[in-house]
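I open this notebook to record what I looked up in the structure.

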Amino acid sequence: MVEAQVEPPYPPDYEVRALREIATELGKKDWNYNENPCNNKSSWFTPPPPPNVPEAINNSTVTCNCSFPNGECHIDGMLTRTLTKWVYCSFTRH
């Protein structure tokens, strides 16, 4: 049996533009805007380190919610570590 890996849909452009603005404010230059931020396997996701290994200095994780009935994905959070602090943003939809 072969399992197919389905790529999640891209989030709306306005959400990616918001991430660009946040990255500019934080001085982040390691996100690749040519990649889908919801795929959890690109510059948008830093996997947790193995036990007893310190966190990466340039940690970046964008989380998405892809459970919408019409198959859309929306960015719902971002956790990033800069050289001096951790930053978490939660995106809420009204």
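**Entry 1: E35.** I located E35 in the loop between helix 1 and strand 1; helices (H or I, at least four residues) and strands (E, at least two) are DSSP runs, numbered from the N terminus. The model is predicted: local features need pLDDT of at least 70, side-chain atom pairs count only at pLDDT 80 or more, and totals for chains, interfaces and linings use all residues. Residues are numbered from 1 along each chain as its sequence is written, and side-chain values use heavy atoms, with hydrogens and water left out.

I then looked up the accessibility of E35 and found a relative accessible area of 26%. That makes E35 partly exposed, a class that lies between buried (under 20% relative accessible area) and exposed (over 50%), with a 1.4 Å probe and protein chains only.

Not counting residues up to four places away in sequence, E35 touches Y10, S42, S43 and W44; contact means heavy atoms within 4.5 Å. For Y10, 25 residues apart from E35 along the chain, I noted a C-alpha separation of 8.9 Å. For S43, I noted that its backbone nitrogen lies 3.2 Å from a polar atom of the E35 side chain.

**Entry 2: N36.** I found N36 in the loop between helix 1 and strand 1 (60-65). Is N36 buried or exposed? Its relative accessible area is 1%, so N36 is buried.

I next examined what the side chain of N36 reaches. It comes to 2.7 Å from the backbone oxygen of P8, and to 2.8 Å from the backbone nitrogen of C38. With neighbours within four places in sequence left aside, N36 is in contact with E7, P8, P9, Y10, P11, S42 and W44.

**Entry 3: the nonpolar core.** Which residues form the largest nonpolar core? I listed 8: L19, I22, A23, W31, W44, V62, I75 and M78. Such a core is a set of buried Ala, Val, Leu, Ile, Met, Phe, Trp, Tyr and Cys residues joined through side-chain atoms within 4.5 Å. Helix 1 (13-26) and strand 2 (74-81) are the elements that give two or more residues to this core, and helix 1 supplies the largest share, 3 residues. In soluble globular proteins, nonpolar side chains tend to be buried together.

**Entry 4: the chain.** I recorded 1 helix and 3 strands, in the order α-β-β-β from the N terminus. Of the 94 residues, 29% count as buried. Among contacts with a separation of 6 or more, residues 24 or more positions apart account for 45%.

Technical notes. A polar contact is a pair of N or O atoms within 3.5 Å; within protein, one must be able to donate a hydrogen and the other to accept it, and residues adjacent in sequence count only if both atoms are side-chain atoms.
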